[in-house]
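Q: I have a structure open here and would like to talk it through; can we start with how the strands are arranged?

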Amino acid sequence: MSEYNFAYLDEQTKRMIRRAILKGLAVPGYQVPFASREMPMPYGWGTGGVQVSAAVLTPDDTFKVIDQGADDTTNAVSIRAFFERTAEVATTTSTEDATVIQTRHRIPEVSLQEGQILVYQVPIPEPLRFLEPRETETRKMHALEDYGLMHVKLYEDIARHGHIATSYAYPVKIEGRYVMDPSPIPKFDNPKMSDNPAIQLFGAGREQRIYALPPYTQVVSLDFEDHPFEASKPDQCCSLCQSTTSYLDEVIVDDSGKRMYVCSDTDYCAARVRKQAA
Amino acid sequence: MDGGYLDGGFSNPSTESAAAFRQIMEVVARPGVICEVAGAQPPAPLSPAAGAVLLTLCDADTSVYLAGSVDTPDVRSWIAFHIGAPLVGPAHATFALGRWDELMPLGQYPIGTPEYPDRSATLIVEMPSLDAAGATLRGPGIKDTAHLSLPDVAPFQENALHFPLGLDFIFTCEQRVAALPRSTEVS
């Protein structure tokens, strides 16, 4: 490990990120600006998550990376290899064995425990950005707790589709104060964020924002009394492990459009298949 | 000046500050929890824990206010050599360090702005003792309730009223560290 500083980033950068993480934990759901660095991977590949992971990892950690629930996709494999090389951490695909889990767009099916840290890769941290493009305005809206526009958006969903059609990056309110983008996780995962024993950290590299949820923080998905939030998933069971409770991916398997549903969480699915075979 | 200030930093800065940060993050994320941070030997009267917090979080980008009895030539030299943080008055401090009574009044520190509540001071409070007993804590990071031997109650209640603005506190005693972010409700 003579080529790089521990965990790739220089110490001053890590201190800056660490200070942002602490302020993020002190004000749950508030997006702390930070001086995001160029990383040896393109924006959109998890540069924010990687910087947060680099700032929290210690040599004693066991690191897991998932991309849409899978441990074996290019993004997950590359980031795992990156920290194996630069931080010399142990890596795993098992959710239970990991101390730090970096994730792109999923929360593992297995409940997280105290002492674990979940690091989310975030593309657009500002939940109001597609409603109000100006940063000066969205910042003011957060300051004034002016979230009416978000409810208008959800209402327009209902007016157009008959139900709230937002199915991922579903906005949440933290401890009754900040509206936060949970990153593009399926809304199926939203309830897992609330009252979670693990520390949840969010890093957006291109947008230069870090935000955080301490353990046991109240996270409420926005909804209406007559259109309550529903954590939906395909009404199918996994073709490999027969799970009816996990979040499923739909996979087209031939040219005639035949499809199968499989768990998006590969570790969860593989563990169930192993158990059934035994 | 005997050059003693050259000692007492982390012997392996990258891994020791990573380990120290994890403990600090743990106590900030879980108010009431007490952890140990090792590796720093700052000059008296600073505790090893306060030294580790400074080494982990402060650098030339953060202004530090030394309150009362911790503002000694030895401490100044140690901070100048190991940390390089500019020393400032309380109104411009990113971090303030001292005993509780010497850090008063809390109104002199920046608590952030409505648009940028993160631009607030973090107070590192040197404590004679630190136990998971005393004031009751509720809020984010706490399952049901937690307890911490706070130096006072009313100032923390007033600080929480400013939420999302406000000050964040890190308590240090010998090797031990605990924290109270502004989000915590104290009773």
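A: This is a predicted model, and in chain B 3 strands form an open sheet in the order β6-β5-β9, with antiparallel pairing.

Q: Which strands are at the edges of that sheet?
A: The edge strands of chain B are β6, covering 146-148, and β9, covering 185-186, and each of them pairs on one side only.

Q: And how many bridges link β5 and β9 in chain B?
A: Strand β5(B), made of residues 135-138, pairs with β9(B) over 2 bridges in the antiparallel sense, and within β9(B) it is E185(B) that stands opposite R138(B).

Q: Changing topic, where does T72(B) lie, and is it buried or exposed?
A: T72(B) lies in the loop that runs between β2 (64-66) and α3 (73-82) of chain B, and it counts as buried because its relative accessibility is 19%, where the cut-off for buried is under 20%.

Q: What does T72(B) touch?
A: Leaving aside residues up to four places away in sequence, T72(B) touches A44(B) and P45(B).

Q: Zooming out, how many helices and strands does chain B have?
A: Chain B has 5 helices and 9 strands; its radius of gyration is 16 Å, close to the 16 Å that the globule rule gives for 187 residues, so the chain is as compact as a globular protein of that length.

Methods:
Residues numbered from 1 in each chain as written. Chains lettered and ligands numbered in written order. Predicted model: local features only at pLDDT ≥ 70, side-chain atom pairs only at ≥ 80, totals over all residues. Heavy atoms only, no water. Pairing = 2+ DSSP bridges. Helix = DSSP H or I, 4+ residues; strand = E, 2+ residues; numbered from the N terminus. Buried < 20%, exposed > 50% of the residue type's maximum accessible area, 1.4 Å probe, protein only. Contact = heavy atoms within 4.5 Å. Rg over C-alpha atoms; globule rule 2.2 N^0.38 Å.
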